[in-house]
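Please report on the side-chain contacts in this model.

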Amino acid sequence: MLRDRFAAPWAALLLLASTCLLASAAPVEVPGYNCPSTCKPPNCKCASHDIPGKLAPADTPQFVVLTNDDAITVTTMPVILDITSKAYNPQGCEVPATWFVSQNYTDYHLVQEVYMKNHEIATHTLYHVPDPDLFQIVGMKLWLNQTAHVPLEKIRGFRAPFLMHNPEQRKILQQNGFTYDSSIPEPFPTATSPDGSDRLWPYTMDYGVPQRCDLGTGPCSVNETLPGLWEFPMWDVQNDEGVVLTNMDPQGDLYEAYKREFDRNYNGNRAPVGVYIHAAWLMDPTRAAAMSQFINYALGFENVWFATMSEVIDWIKDPVPADKYAAQRKAQGCDPPTDMWFPSGHYCQGIQCVNGNFSDTACKCVCIAEFIPNQPGWCADATTGACTVAKVWSSATSDFQCPDGAQRDPVTSPSPSPATEDPSVANCGHPLQDFVGLGISGTQDNSALYSQALRAMDGLCDTCASATDPTGNYFTVVLPKQLSITSIQLTMGENTTGAFIFVGDSSDNNGMSNPVCAKNLNLPANQAVSVECSGVGTYVTLATPKNLTICDIYVQGYETGATPSPSPSPSPATPLPTTEGAVTNPLLDQLLSTTSDNSESGAVQQEPQYPAAGADGTMPVQDSTAEITQQMVSQYEQEIAVINQQAQHGKKGL
């Protein structure tokens, strides 16, 4: 039912402007890049090479981010964990990494193991394709959530395969609940990174992308407007003369390469140090030893922390001095996370089931033909639980049996829940609403708002999305295709007065620049009401002058240009007449000033497809270990070849 219920949860989370009293860093000086002083953390940050919070370098934590790209497999996971599990941050916890995961070859049990070690799980598309579309980008996010059970709000980051980034990808990320992208190379000297000791810090793309993308692996523009979406730069590895060597997996003496990058930053503006690698490249024991040597070198300095990308962004949102940060991290402790769901009710330490399959519900290997008497097969070792004990022939019973010490009771699966007559119809009495984006007002980042907004679209009328901005709130649903709308069914969680509905094709002003199709609505709590609306467009926005608690929305209409046909009939809803009344709220003053001729033309978005691979929670098909290793090495070599080719091209433009 989870897959059915979220068959198209593509969310566009457009953040309200946020202000706070934090000291503002000076924006970079790039022609056309105009980031105002009102852009302040936590939800907005201008691109700058100044230290956040105007801290002195000596008082600033020096972050080092270790990332790994591609699948998490039985061959790649140990390469990284063998290094991180032997190095410790100042508070005594193992150093973490950020894993950009693609679905091909990935074992979702290993994803869970990595997550439970306090590492970060991010996305690298489903099938590691260049120029990925919405299906590839958001499909991997859903796979990680619904198959590996990584909490949706914790899947925050994305990296483009081959670093082939473009504005369309970033728009998809911003509309679908991602917090950050990390795909844009950042060399020096440029306007954003004047020299090797004065590098660009992560920033939000509210007012464009000022980096020199013509030197890298994809286009960008200062005209891109992506509220709340962060860019975590991929700082190039450069030699003493400033020549770009590579962006990932440096050749030669990697210890000296990363030591040089670390020394520049530590003695400079303390921008994070990026260690961007592929586990397949690190399989060389010499490289692994050099990586451990670098990590130990960096940890020998004061105020150095290996952190995930999300942890760095969280610090930038609320920058505190190094001593206070150390106290915060010590108070957090090293305990594993408690927000991951497991079919068994608790975390199962994964076992490599060479001759069987791992059972999520029983937390053990189910061996091949273990309980089939007339077939040879395998049994579980009493000590390890692995399927390494061969069944033996019993002449007494004329069948195959597990030997003494390896016999156990069969694993039983829970009885399946009875199927409903129509699984596409939830308890709100209508088919599930198709959509490709959502928006809701709030001060959280995109990932948190994504999870909040979905509560109004899950087909369950007893789960509601809420927004409590005292100046007014909105909820926007983006439809897969432009519709000529006839009515909108709403169920609110509290009495709502003075509500407006906007319909059109513009995302400006969170959809409130579109024409008004209903105004001054009084919506009762816990009752499905039908609002007549004759708007045309893909964006449907409900705006209220006070708190907003929306439990369900269902839009009825027909595709623009098509002959109207009866829509699936929802359960009876009370028709709601539009009422006129005095307007005293500033938000409503703004709403009433909206005219019907201010919509803009928008392209019809392609209807997304839902990734079937792995979505039912079954174990992905694994090739042999040798073949997986060969495939991973080949994939990383191809990717690095493309990246380095772009880096060589970039040298000519510096």
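## Charges over rings

The charged end of Lys-141 sits over the ring of Phe-178, 4.4 Å from its centre. Arg-159 lies over the face of Tyr-276, at 4.9 Å from the ring centre. A charge sits over a ring if NZ of Lys or CZ of Arg is within 6 Å of the ring centre and within 35 degrees of the ring normal.

This is a predicted model: local features need pLDDT of at least 70, side-chain atom pairs count only at pLDDT 80 or more, and totals for chains, interfaces and linings use all residues. Residues are numbered from 1 along each chain as its sequence is written, and side-chain values use heavy atoms, with hydrogens and water left out.

## Helix H4

Helix H4 covers residues 134–146. Its 13 residues reach 17 Å from first C-alpha to last, close to the 18 Å expected at 1.5 Å a residue. The expected span is 1.5 Å times one less than the number of residues. Helices (H or I, at least four residues) and strands (E, at least two) are DSSP runs, numbered from the N terminus.

H4 is mostly covered, with 13 of its 13 residues buried. Buried means under 20% relative accessible area, exposed over 50%, and partly exposed in between (1.4 Å probe, protein chains only).

## Aromatic pairs

The whole structure holds 19 aromatic pairs. Rings of Phe, Tyr and Trp (its six-membered ring) pair if their centres lie within 6.5 Å; planes under 30 degrees apart count as stacked, over 60 as edge-to-face and the rest as tilted. Phe-262 and Tyr-297 have ring centres 6.0 Å apart and planes at 75 degrees, so this pair is edge-to-face. Phe-262 lies in helix H6 (residues 254–266) and Tyr-297 in helix H7 (residues 285–299), so the pair ties together parts 35 residues apart in sequence. Phe-262 is buried, at 0% relative accessibility.

Phe-342 and Tyr-347 form a tilted pair, 5.6 Å centre to centre with 50 degrees between the planes. Phe-342 is buried at 8% relative accessible area. Tyr-347 is partly exposed at 26%. One aromatic cluster is formed by Tyr-255, Tyr-258, Phe-262, Tyr-266, Phe-294, Tyr-297 and Phe-301.

## Salt bridges

A search of the whole structure finds 13 salt bridges. Each is a side-chain nitrogen of Lys or Arg within 4 Å of a carboxyl oxygen of Asp or Glu. Lys-154 and Asp-339 meet at 2.6 Å, N to O. This pair links distant parts of the chain, 185 residues apart. Lys-154 is partly exposed at 35% relative accessibility, and Asp-339 is partly exposed at 33%.

Arg-199 bridges to Glu-261, with the closest N and O atoms 3.5 Å apart. Arg-199 lies in the loop between strand S6 (185–186) and strand S7 (203–205) and Glu-261 in helix H6, so the pair ties together parts 62 residues apart in sequence. Both residues, Arg-199 and Glu-261, are buried. Arg-156, Asp-314, Lys-317 and Asp-445 are linked in a network of salt bridges.

## Thr-549

Thr-549 is found in strand S27 (residues 548–559). At 15% relative accessibility, Thr-549 is buried. Its side chain makes a polar contact with the side chain of Glu-494 at 2.6 Å. A polar contact is a pair of N or O atoms within 3.5 Å; within protein, one must be able to donate a hydrogen and the other to accept it, and residues adjacent in sequence count only if both atoms are side-chain atoms.
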